[in-house]
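Colleague: I'd like to learn how to read a model like this one. Could you walk me through it?

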Amino acid sequence: MHGTPHIVSDVMTHTVAAIGRKANFKEIVQLMEQWKVSALPVLEGEGRVIGVVSEADLLPKEEFRDGDPDLPRSRHRSTGGTPITQLPGPSDLAKAGAVTAEDLMTAPAVTVQANATLAQAARTMAHAKVKRLPVVDEVGLLEGVVSRGDLLKVFLRDDEDIAEEVRREVVSYLFRAPLSPVRVQVHDGVVTLAGRVRDTSLVPVAARLVRAVEGVVDVEFELTGPSRGPEQ
């Protein structure tokens, strides 16, 4: 399936800003600002990823800046209009007093390998509730970073390129002898299949296969089955 980025290595950023264990708080903030990123991998040795420092790891410093981070302070959140007092967790308090990457970082890092599919990377991001994933090799050495924006690049794919793949990989496979040619049209990533086919029970299968094509936003069908009368 030519022209389709199927795996992380096709869309990831190869040039990555990273920090070591001993990077200090201000250095981390400056590097994030310089690179316009919301998180930085923390490396040790030859480049093994041991954690990630994100904006969320840094914010407790500001949250507790007007008090002693070692003393518990209550937070208030509202559920259904009712204020609820909530004590900050020990992790937040520890990070409020931290000054180096090794104390600020979230570890172990949630990572992905370069040969993972884009769907696998998206599921990992969603499960971990992160915006970026370090891309590592088999031994955990940093190879790049993939972001939510990188995963969305597939939706920039040309409509005709998508249509060609659907014709080749789906239509020619499922509808080998249609009663009339199955037409494939794509507009803004939405695929429409139209025509007469011998077996309409294959439509759900076609829907699943079409949606698996990179860059497809949705799929619509204008397919009909054989008429009840004699075929012309």
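Predicted model: local features only at pLDDT ≥ 70, side-chain atom pairs only at ≥ 80, totals over all residues.

Colleague: Let's begin with strands. Which strands does β7 pair with, and in what sense?

Modeller: Helices (H or I, at least four residues) and strands (E, at least two) are DSSP runs, numbered from the N terminus. Two strands count as paired if DSSP finds at least two bridges between them. Here, β6 (residues 112–113) runs parallel to β7, with two bridges, and Val112 has Val135 in β7 as its bridge partner.

Colleague: What about the turn between β7 and β8?

Modeller: That hairpin has five residues between the strands, and Gly140 there takes a positive phi near 90°.

Colleague: Is β7 itself enclosed or open?

Modeller: For that you need the burial classes: buried means under 20% relative accessible area, exposed over 50%, and partly exposed in between (1.4 Å probe, protein chains only). Four of the five residues of β7 (residues 132–136) are buried, so the strand is largely enclosed by the rest of the structure.

Colleague: And what is the strand order in the open sheet?

Modeller: The order is β1-β2-β3, three strands with mixed pairing. β1 (19–20) and β3 (48–54) are the edges, each pairing on one side only. Two bridges link β1 and β2 in the parallel sense, and Ile19 sits opposite Val42 of β2.

Colleague: Now the cores. Which residues of the largest nonpolar core touch the most other members?

Modeller: The general idea is that in soluble globular proteins, nonpolar side chains tend to be buried together. A nonpolar core here is a set of buried Ala, Val, Leu, Ile, Met, Phe, Trp, Tyr and Cys residues joined through side-chain atoms within 4.5 Å. The largest one has 21 residues, and those touching the most other members are Val166, Phe175, Val184, Val191 and Leu193. Two or more residues each come from α7, β9 (183–187), β10 (190–196), α8 (203–211) and β11 (218–224). The biggest giver is α7, with six residues.

Colleague: What does Val191 touch?

Modeller: Contact means heavy atoms within 4.5 Å. Setting aside neighbours within four places in sequence, the contacts of Val191 include Ile162, Val166, Val184, Val210 and Val219. There is also a second, separate core of 17 residues, with Met32, Val37, Leu58 and Leu104 among them.

Colleague: Which nonpolar residues form a patch on the surface?

Modeller: Like charges are joined within 9 Å, and nonpolar side chains (Val, Leu, Ile, Met, Phe, Trp, Tyr) within 5 Å. Areas come from the Shrake-Rupley method with a 1.4 Å probe, and for residues only the protein chains shown count as cover. In this model, Leu152, Phe155 and Val217 make a nonpolar patch with about 300 Å² of accessible area together. Phe155 lies in the loop between α6 (148–151) and α7 (159–174) and is partly exposed at 43%.

Colleague: Last, loops. Which lysines have a positive phi?

Modeller: Lys36 has a phi near 55°, and Lys129 one of about 55°; neither is a glycine. Lys36 is in the loop between α1 (25–35) and β2 (39–44), and Lys129 in the loop between α5 (118–128) and β7. Lys36 counts as exposed at 62% relative accessibility, and so does Lys129 at 73%.

Colleague: Is Ser38 buried or exposed?

Modeller: Ser38 is buried, with a relative accessible area of 17%. Ser38 also lies in the loop between α1 and β2.

Colleague: And where is the cis peptide bond?

Modeller: The cis bond joins Ala107 and Pro108, with omega about -5°. Pro108 falls in the loop between α4 (101–104) and β6.

Definitions and conventions
Residues numbered from 1 in each chain as written. Heavy atoms only, no water. Patch = residues over 30% accessible without salt bridge, like charges linked within 9 Å, V, L, I, M, F, W, Y side chains within 5 Å. Salt bridge = Lys/Arg side-chain N within 4 Å of Asp/Glu carboxyl O.
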